[in-house]
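Hi,

Here is the structure I promised to send over. Have a look at it first, and then read on for what turned up.

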Amino acid sequence: MGFRLAVITGSLMVLVGNPANVRGEDWPTYQHDFSRSGITQEQLKLPLKQAWKYEPQVILQSAWPEPALHDFHWHQEFYMKPRVIYDRASHVAAVGDMVFLGSPTDDKVYCLDAKTGQQRWSFFTEGPVRLAPAIANGKVYFGSDDGWVYCLKAETGKLVWKYGMQDDSQQIAGNGRIISLFPIRSSVLVNKGKVLFCVGMFPTYGVYLVSLDAISGKEESRKQLNVSAQGYLMLKDSKLYTPTGRTKPVVVLDLPGPGGKSIVMKAPKDFEYSVICAGDVLFAGGDGKVGAFAGVDGKKLWQADVNGRVYGLAVANGRLLVSTDTGQIYCFSAPAQARGRKVGPDKNRQAYPKDSLTTVYEKAARQIVAQTGIVKGYCLDVGCGQGRLASELAKLTELKIVGLEEDAEKVALARNALDAAGLYGRVSVHQGSLENPGYSKYLFNLIISDRVLTGGDLPSKASALDRVLRPCGGVIYLGRPNEVKPKLDRRNLSNWAQELRKHQWKIEQQNGTWLNVKKGKLDGAGQWTHQYADAGNTSNSRDNRITTKMRLQWFGRPGPREMIDRHSRPHAPLSANGRLYIPATHRLYGLDAYNGTILWDKEMPDWQTRVNIPRDGGYMAADDDYLYLAVQNRCDKLSGQSGETQFSYEIPRPTRVPVSDLYVWGYLAYENDTLLGSAVRKGAYYTDAQGPWYDGNNPLTEWENGKVCSDYLFALGKSDGNALWKYDGLVINSTIAVGDGSIYFVENRNKTLAGKSYFMRRLGGDAFWKDLHLVALDVETGKKQWEKPFEFVPGKIVFYLSYADEKLVVVSSPLTKYTMYGFAAANGELLWQQESDYRKDRNTFNHGGHMQHPVIMEGKIYQDPHDFQLIDGQQGSLVIKRDGHGCGLLTGAPGFLMGRGDNPRLYNLSDAGKSLKLTSVNRPGCWINIISAGGMILVPEASSGCACEFPVQTSLALVADD
């Protein structure tokens, strides 16, 4: 049998304890004690038999998804294991005849009877409880994602006190739930009458180590930290450590008194998920199994099968407690005491009575769905009462519903009823003000009101609801059916809606009286519809709502597992009309850009994962309603909301080469009602995302740095796919740009290249830079407007063309610096030529500094690290300092640049490019994954494959703070 080393903290003496010592012992916290030793002197008599199995009502949902499988490029690590696993199972604490656990799925702490597994009591919070409670002095201490720390009586679950340090307006979407911007993601540690814990996980907004009096809950001290506090606090060698997500634990406090010491024990290789020591026996958890092993030689003494991976183990008072990633808890004990029963919440509880309102709620929920069409995202029920409307709506949709209610008694009734219905977690109930909902702005797709439905008053402030309503189609739908008296007055509804007059709204008389308000786009918000923001390749979203004060709006999936490796330089994410589109490995994600809801996740096995986009062109584009995607020899038109294919465009047949199946769709863009494309020969574009860096270390190698070229361009009708025109010519994909009714590109007319075999459409040798022509065509007709032969400095690294403000900008990166050209878009006349140095830092050549694409906005060209005037090429005074590891491209919005400087950063152009960290917990990718659109900064996960120590790997978005 193979073995692995496992580091366990605690006292060495327990390993050589007397096997005859069978005295029962409590397990009052995760891994037994606050030094997280995982060691108890209690000795269980083997073999064990299952006494009971606790099955939760809903499947456990942990915060963080799996990491990428491999780091192909930098560290060459393969089959990487997750580093953040603190809530992969419901870890338990056990004292006397009670077992305690928290749930990240239905937002509760449970107390189970240790003998039977039956529930004794449960306690609701307003967010996931991701870590095991600590039991001390007859009290239960724990924290929640709602930002509060709670103290309960262990026997009854009655609240003693709770502590929070956030205000009510700091609720955001996090890991697929509505949580506090300052969640409690550390455990609670009780030491010498003090309660210690960490608040927050984003240092940019504040992370604090807090100490409270254990009896009163009164705050005694608060210390700001510069780490992402996630996981179980540990007391060792008189020092308090906090885990920090994917990074190493750090010391945050010196405490008096001894702490545990580290020892090393052997655990079986096939039982790799958890290990503890009880007396002279090791208990270890594997995938679908738990086993006992002799501590001296590792001999297997006992094994049992379980469902799921065993991430949690505890031994207490004659019992082995096993927690798996299914959310199930197994109890094993001596055979004489074991009954093997299955226990869990009573699934026969009645949620709501069958009464006169039953049909009213059912009909109202159906009408809401039919009239709004909203079935995914987040819904706010203002004045949710006992949760009956929310319950019916949850049955018909995939919405995550938050009920907001002021009355504490109604809150308790709603929670219990929704829990009995098996819906709690997907539907949650918050106690708070109905007049000023304390959530981040733009969060909810749908706002309804049970209170209004059943005869209550309208919320006093329509503007307060408008603030939290998602732009680009969010709906407020309030009304009352005919069966409910008094009837809702149309004039009252109309007067109330006057605050929302800038939105589309109407009063409907169908099954009662209803107000339907649909929110439009934000004024001044931009979009990112093509690879470099627009078809002109400006890398400028034109989003005028970006400011120096950006606040986290949401974070969560998609994570790194499906993403394309960060060094492969894949296509940029796109965002239009409040949606975010993220390309992944043979799949595509469509998200709600305002709250991170995954609208669809489409596996596309016939879609090749195209990479090395600096030597290619964009192959995705988005408008308000659709996403256009080049797939093999066609372009699929996907619904932005559902991801379903609505239409497929075909490549026009070639004329110069008779074999039509030789070609696949290359470049893709649109201009108004015209879809533009190109045909490249099979094998020409890059698809290997598991090896090359494509960073120009060997600029003479065409196979890694050659430019992808098309054999012809074409235009189709966007609505019907009818062919409009076709242009034959060897076109360099990275130079195709569109603007103001024209399409521009650089064409190679060197006859020695025309007949090369298909893979030689990836070009870059000396002959490639001879006989180049700059060409302009009319988008609608394909008619040539002008052409100019021009001898460019060979762009052996990258070669780009952009259009902005009636100017063309060509950037050529040879071997030492950039050469830039400015042309008049009207006739191709050369206006200026300029050189620009690469960045002078450790990343200058081979980590992105030599491959930068220009950002063009407000009459300037930002060619990292300098700025230049678009009109004459004159260099300005700006020198952009990337502040850290600065690979990846800069992107722009008026007044700002965005890019990687270790973490995502915002560069304020009105303050000499001063750098502001957007977050300090994650790293961007090595190409484009920080974009601005819809009034937000969007940062989809792009660090896939990175083994470096950043606390989290997550997609996220930021919005301007009020």
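Let me begin with a pair of helices. Helix H1 (residues 356–372) packs against helix H2 (residues 388–396) at an angle of about 50 degrees, and their axes lie 9 Å apart. The crossing of the two helices, H1 and H2, is right-handed. On the H1 side, the contact is made by Leu357, Thr358, Tyr361, Glu362, Ala364, Ala365, Arg366, Ile368 and Val369, while H2 brings Arg388, Leu389, Glu392, Leu393 and Leu396. Sorted by class, this contact of H1 with H2 holds nine nonpolar residues, four charged and one polar. Please keep in mind throughout that this is a predicted model.

Next, the open spaces. The second largest pocket has a volume of about 900 Å³. It is lined by 37 residues, and those closest to its centre are Gln61, Asn175, Gly176, Lys400 and Arg557.

How many cavities of 30 Å³ or more does a search of the whole structure find? The search finds eleven. The largest cavity contains about 180 Å³ of space. Its lining is made up of 17 residues, with Pro570, Ile928, Asn929, Glu941 and Ala942 the closest to the centre. The lining of the largest cavity divides into eleven nonpolar, three polar and three charged residues.

Leucine 46 and proline 47 are joined by a cis peptide bond, with omega about 5 degrees. Proline 47 sits in the loop between strand S2 (39–40) and strand S3 (49–54). Another cis peptide bond runs from lysine 485 to proline 486, where omega is near -5 degrees. Where is proline 486 placed? Proline 486 belongs to the loop between strand S35 (475–480) and helix H6 (490–496). Glutamine 31 deserves a mention too: its phi is near 55 degrees, a positive value in a residue other than glycine. You will find glutamine 31 in the loop between strand S1 (3–10) and S2.

Happy browsing, and talk soon!

How values were computed
Residues numbered from 1 in each chain as written. Predicted model: local features only at pLDDT ≥ 70, side-chain atom pairs only at ≥ 80, totals over all residues. Heavy atoms only, no water. 1 Å grid on protein atoms, 1.4 Å probe; cavity = no way out; pocket = protein on both sides within 12 Å on 5 of 7 lines; lining within 4 Å. Points joined across faces, edges and corners; volume = space filled by probe spheres on them. Axes fitted to C-alpha atoms, helices over the stretch in contact; angles between N-to-C directions. Helix = DSSP H or I, 4+ residues; strand = E, 2+ residues; numbered from the N terminus. Left-handed = near helix turned anticlockwise from the far one by under 90°. Contact = heavy atoms within 4.5 Å. Nonpolar A, V, L, I, M, F, W, Y, C, P; charged D, E, K, R; others polar.
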